Amino acid sequence: MTDVPGTAVLETKGLCKNFGALVVAKDIDFALEPGARHAVIGPNGAGKTTFVNLLTGALPPTSGAVLLDGRDIAGLAEHERVKHGLVRTFQINTLFNGLTVLENIYLTVAERMGVATGLFRPVGSRPEVVAEAERLVEMVQLRDDAGRTIDELPYGRQRLVEIAIALALEPRVLLLDEPSAGVPGAESHIILDAIAALPAEIAIMIIEHDMDVVFRFAERITVLVSGAVLASGPPDEIAADERVRAVYLGHGHG
Amino acid sequence: MTAAAVRTNGAAAAKLLRAHRFRAIELLPWLIAIAVYFLFPGYRLLATQILVLILFAISLDLIVGYAGIVSLGHAAFFGTGAYTAALLADAGWQEPLSALALGAVTAGLLGWVSGWIILRTRELTLLMLTMALGIILYELAKDLDDITGGFDGINFENSAILGLFPFDVLYYTTNYWYAFAFLVLGFLVARTVVHAPFGRSLVGIRENVRRMHAIGTPVQQRMRHVYVIAAMIAGVAGAIWVQVQGNITIGVYEFEMSGNILIMLILGGTGRLYGAFIGVTVFTILENLTETVLGTDPPYWELVVGIVLVLTVLFAPRGLLGVFDPLIRRYRERTP
């Protein structure tokens, strides 16, 4: 699929972000098609996580626009964007550490189903919410850990909770910020399998350092360097791009 | 939803589904409260104060223990409820229940308005702002002493509750059950709220605000809602506090009130509702014992409070009730 204007589900136009004199996002034009598998790569400090934060509304841009379904969503707060199907995971686990795996997912499902404001009927009288949470826990194969708190789990399993929470929100656009970061090599296949099994209709942007993962997963790659887009295109094109090889791929792959 | 879709099969789900059910041991504090009335008639004033302070502490637990909003100015709501009830009675509106309800409303309004500003901030700033609100109201009440009675206070009278039960400032009969009834009511409201999805989402806010934003929670709005609920319950506690005594002074707005209730809550254990019962009771009885044994000089009691706090932090960081957590967990593991 090509970048035909108007078909993108998520799009940025001239997105800029400065922290004082420090430029962390420079004039980023980006488009994510429905069902896309789009990787964003770049050296450390290239501004990849900042880019995610700008998309989700966790950070306000200095200038430029973020468009969801072609509409500028500058006026939507982070939580409102989630309701419109724009969902992220975090590079560093951002979970409810004192709660059980099931409770983590429960909170998310309750929020998505719109029952989280309920003041009177107890959690226990809404088995459909709990059952849905349980289904998601089983989907990421954490059934045996459902009753354990997050801080009792090894880091790799915690990563799965990140993904389960994202899925519980029924995203249309999913931003995965280094989903396998910090996961021991032996366990990373669990994460990658979970990602590979994600519904095809979800548009996915993945930030990833592991080039094997990137080239296996992505149908399109965007290279960020110093907050700006250096190159964007299909994987073979990016792999052949001399500039990309010079600044980035050259480091590890000769 | 079809029946098949709502079937759960895991132990964790079963635990979540029955978390709100009452356990037999939850009757214990109420049985003790009833027994105290008959066994220690000479201590009914103190016991009534304990009941009211427990209600006050429960309201604080909703924001501190559940939503993670630490407040050093909760007396603002307690005092506002108290002054609403007292000034109404003083002006001739002597029906106690409606005055109490209006106390809840004014305290709730104060929570709604102040929460709009305070809850935009976090951590130390938030703590300072809650404290500032309490101090502003205290100073205001002090300046307007021709209305509030200042340090000397105002004496007032309420008519009989429901026209049947007159207040009794000598033996504290009606007064005790009045406080008891509203503690039961306030506790049930708080317990319902914390076991509802709303209460669970407060715990989520306490555990990780960033994640709550990212799962689509309007965090600030939800904090404001619980802030208003807590303010209203605190207002009820304040109203009862002065109604049972037939007297009000600006002490209800004092910083000490806010500080002490927070200490009591931490002493008993936050985020568990029953911590309020233990913390307030132990603290108040200790205060009374100190005064009986060592005298009423402030330094003695302040010394004891200091020692109690240090011991709590060192040996029971999760409060007195938290001490039992490992025991209960071991018991549960042995009996599935």
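Tutor: Let's start with the buried residues of α8(B): they are Asn175(B), Tyr176(B), Tyr178(B), Ala179(B), Phe182(B), Leu183(B), Gly186(B), Phe187(B), Ala190(B), Val193(B), Val194(B) and His195(B). Buried here means that 20 or more other C-beta atoms, placed from the backbone, lie within 10 Å of the residue's own. Keep in mind that this is a predicted model, where local features need pLDDT of at least 70, side-chain atom pairs count only at pLDDT 80 or more, and totals for chains, interfaces and linings use all residues. Residues are numbered from 1 along each chain as its sequence is written, while chains are lettered from A and ligands numbered from 1 in the order in which they are written.

Helices are DSSP runs of H or I with at least four residues, numbered from the N terminus. In chain B, α8 covers residues 173–195, and its 23 residues reach 33 Å from the first C-alpha to the last, close to the 33 Å expected at 1.5 Å a residue (that is, 1.5 Å times one less than the number of residues).

What do the buried residues of α8(B) pack against? Their partners in chain B are α2 (28–39), α3 (44–66), α9 (197–207) and α11 (219–243). As for α11(B), 21 of its 25 residues are buried, so this helix is largely enclosed by the rest of the structure.

Now for the other chain: 35 residues of chain B are in contact with 41 residues of chain A, contact meaning C-beta atoms within 7 Å. On chain B's side, α8 supplies at least two residues, and so does each of α1 (11–18), α9 and α10 (209–214).

Notes
Buried ≥ 20, exposed ≤ 12 C-beta atoms within 10 Å, placed from the backbone. Contact = placed C-beta atoms within 7 Å.
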